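Let's take a walk through this fold together, strand by strand. Keep the viewer open as you read.

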Amino acid sequence: MSLERPRLPHEIRHWFGDMECDYVYTLGIAGEKFYAGLKEGRIIGSKCPSCGAIWVPPSLYCPECFEETSEWVEVPDEGTVYTFTVAYVGPDGEPLEEPEVYALIVLDGANGGLLHKLGEVRPEEAYIGMRVKAVWAPEGERKGAITDIKYFRPVE
Ligand SMILES: [Zn+2]
């Protein structure tokens with residue numbers, strides 16, 4: 001038995017190819033609450049009984065004090081841009097016709113944040129601290145997905 005360790009990647013046996021991998025991703029209890037809420041046009045967070053923080057997206061445990069959250073609460077669909085980035089290429093590396101702005105949005109009264117697209121705003125107009133509001137997909141078209149919110153638009 002050799003105790004030598006390979007030091008160079010090409011010394012390790014490898015092969016190229018595709019590996020099919022089917023899986024089912026479960027949302028979990030908090031995820032189900034959150035996405036079911038989106039379908040109804042509501043943003044649901046979880047409230048910590050110990051420190052009172054409301055987490056969006058909801059979590060079964062408070063990330064601050066590790067207490068089990070006990071209450072589902074609706075939060076406003078309005079918030080503040082915490083940070084943002086401008087995308088010039090799509091998910092497959094294809095150049096986008098128009099750049100898209102993605103932001104981490106902290107909803108009013110909530111902790112955590114939602115990653116979502118900004119709309120009705122040019123990239124050079126976006127800024128940290130910008131007030132934004134959700135633009136919802138029409139009621140009959142919502143599927144219980146993050147795309148039930150089409151984007152967040154600036155508010156005065
Ligand atoms: Zn807490």
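Two strands count as paired if DSSP finds at least two bridges between them. Keep that cut-off in mind as you look at this predicted model. Strand β2, residues 54-56, and β6 are joined by two bridges and run parallel, so the two strands meet the requirement of at least two bridges. To find the spot on screen, look for Trp-55, which sits opposite Asn-111 of β6.

Now step back to see where that pair belongs. β2 and β6 are part of an open sheet of four strands, whose order is β3-β1-β2-β6 and whose pairing is mixed. At the edges lie β3 (71-75) and β6 (111-112), each of which pairs on one side only. Packed on this sheet is helix α1, made of residues 28-39. The helix touches both β1 (43-47) and β3, and its direction makes about 150° with that of β1.

Next, turn to strands β4 and β5. Strand β4 covers residues 78-89 and strand β5 covers residues 95-107; the two run antiparallel and are joined by nine bridges. A handy landmark here is Val-86, with Val-101 of β5 standing opposite. Together β4 and β5 make a hairpin, with five residues between the strands. In the turn you will find Gly-93, which has a positive phi of about 85°.

Which strand, besides β4, pairs with β5 in the antiparallel sense? It is β7, residues 114-118, which is linked to β5 by five bridges. To locate this pairing, pick out Ala-103 and look for its bridge partner in β7, His-116.

Notes
Residues are numbered from 1 along each chain as its sequence is written. This is a predicted model: local features need pLDDT of at least 70, side-chain atom pairs count only at pLDDT 80 or more; totals for chains, interfaces and linings use all residues. Two residues are in contact if their C-beta atoms, placed from the backbone, lie within 7 Å. Axes are lines fitted to C-alpha atoms, for helices over the stretch in contact, and angles run from 0 to 180 degrees between N-to-C directions.
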